[in-house]
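Hello,

Here is the structure I promised to pass on to you. My notes follow below it.

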Amino acid sequence: MKVEIVDREALVWSGDTDHLVVPSHEGAMGILPGHTPLMDRLVPGRVEVDLSDGHSLVFEVDGGFVTVDEDNVYVVVEHSDAGRAE
């Protein structure tokens, strides 16, 4: 699925993944391809994007929202760091 992470200044990251975890206001929420369409609030925490090479990218965000539409996921936040590999 296609993922875009955007903060108020610019596109932070864009790419493909088969698994994403976002800090929902009800707890960590995993998103897989074919996920039911949704829109949800995010709280400060970690967005984790699993990469095809077995590594993950982690972004610290300060809240915002996530939308899922078909296999497109948009994470929109006020601020995000540049991300780091784990």
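Which side chain does Ser-24 join through a polar contact of 2.8 Å? The partner is the side chain of Asp-40; a polar contact here is a pair of N or O atoms within 3.5 Å, where within protein one must be able to donate a hydrogen and the other to accept it, and residues adjacent in sequence count only if both atoms are side-chain atoms.

Before the rest, a word on the source: this is a predicted model, where local features need pLDDT of at least 70, side-chain atom pairs count only at pLDDT 80 or more, and totals for chains, interfaces and linings use all residues. Residues are numbered from 1 along each chain as its sequence is written, and side-chain values use heavy atoms, with hydrogens and water left out.

Ser-24 sits in strand S3, which covers residues 20-24 (strands are DSSP runs of E, at least two residues, numbered from the N terminus). Ser-24 counts as buried because its relative accessibility is 6%, buried meaning under 20% relative accessible area with a 1.4 Å probe, protein chains only. Leaving out residues up to four places away in sequence, Ser-24 touches Met-29, Asp-40, Arg-41, Leu-42 and Val-43 (contact means heavy atoms within 4.5 Å).

As for the whole chain, there are 8 strands and 0 helices (helices being DSSP runs of H or I, at least four residues). Of its 86 residues, 37% count as buried. The C-alpha trace spans about 25 × 25 × 25 Å along the principal axes. Among contacts between residues at least 6 apart in sequence, 46% join residues at least 24 apart.

Best wishes

Methods:
Buried means under 20% relative accessible area, exposed over 50%, partly exposed in between (1.4 Å probe, protein chains only).
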